[in-house]
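Here are my notes on this one, written as numbered points. Keep the sequence and the 3D view open while you read.

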Amino acid sequence: MSPSDNTIYSTPQDAESAFYEALETGDLEAMMRVWSEDEEIVCVHPGGPALIGYRAVREAWQRIFSHSGRLSLRVVQQVAFVTPFAVITHVLEHFSHAGDESIAAPVAATNIYTRGALGWRMVGHHASPAPPDSQHEMPKVLH
């Protein structure tokens, strides 16, 4: 139930880049290497319930990747709160299907990373639909 290798993300930016690369390519194993093995991790997909624990998070990503084609993704970081052991980022995710450059309504996401023995790992991801006119601006009320 744990990541298949000992990848170390030396910065929170490395972990976030790996998260979005895995999301764009639909690579489940790469996605789960980013997540902490802690059973307290939390993931909320747009319109979905809070998924708690490594197994629940992995199963959800597996379902998503098995039902979606290759995605094209553009991420605009709006805010980052940084401490020595935790980083919280708020971003707008702009998704489209590969080959179709039309951009759907953006998704507002909050990502939480903590630093541990194996470097930086994701411990929380919360995504919500953003208003369609939020192409470059974070909504005033975060989820």
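**Notes on the fold**

1. The protein chain has three helices and six strands. Both kinds are DSSP runs, numbered from the N terminus: helices are H or I with at least four residues, strands are E with at least two. Along the sequence, the pattern reads α-α-β-β-α-β-β-β-β.

2. A word on the ground rules: this is a predicted model, where local features need pLDDT of at least 70 and side-chain atom pairs count only at pLDDT 80 or more, while totals for chains, interfaces and linings use all residues. Residues are numbered from 1 along each chain as its sequence is written, and side-chain values use heavy atoms, with hydrogens and water left out.

3. Now the overall numbers. Of the 143 residues in the protein chain, 43% are buried. Buried means under 20% relative accessible area, exposed means over 50%, and partly exposed is in between (1.4 Å probe, protein chains only). Take the contacts (heavy atoms within 4.5 Å) with a separation of 6 or more: 56% of them join residues 24 or more positions apart.

4. Which residues have the most contacts inside the largest nonpolar core? They are F19, L23, M31, M32, W35, V57 and W61, and the core has 31 residues. Such a core is a set of buried Ala, Val, Leu, Ile, Met, Phe, Trp, Tyr and Cys residues joined through side-chain atoms within 4.5 Å. At least two residues each come from α1 (12-25), α2 (28-34), α3 (54-67), β4, β5 (107-116) and β6 (119-129). The biggest giver is α1, with six residues.

5. Rings of Phe, Tyr and Trp (its six-membered ring) pair if their centres lie within 6.5 Å; planes under 30 degrees apart are stacked, over 60 edge-to-face, and the rest tilted. That rule gives three aromatic pairs. One of them is F19 with Y20, an edge-to-face pair at 4.8 Å centre to centre and 80° between the planes. F19 is buried because its relative accessibility is 0%, and Y20 is buried too, at 8%. Ring pairs tie F19, Y20, W61 and F65 into a cluster.

6. Next, β6 and its partners. Two strands pair if DSSP finds at least two bridges between them. β1 runs parallel to β6, with three bridges, and V42 sits opposite G124 in β6. Why is β6 largely enclosed by the rest of the structure? Because nine of its eleven residues are buried.

7. Finally, compare two loop residues. Is H45 buried or exposed? H45 is buried, because its relative accessible area is 14%. It lies in the loop between β1 (42-44) and β2 (50-52). Beyond its neighbours within four places in sequence, H45 touches L51, A60, W61, I64 and A127. P84, in the loop between β3 (71-82) and β4 (86-97), counts as exposed because its relative accessibility is 56%. Leaving aside neighbours within four places in sequence, P84 is in contact with R115 and W120. P84 and R115 are 31 residues apart in sequence, with their C-alpha atoms 8.0 Å apart in space.
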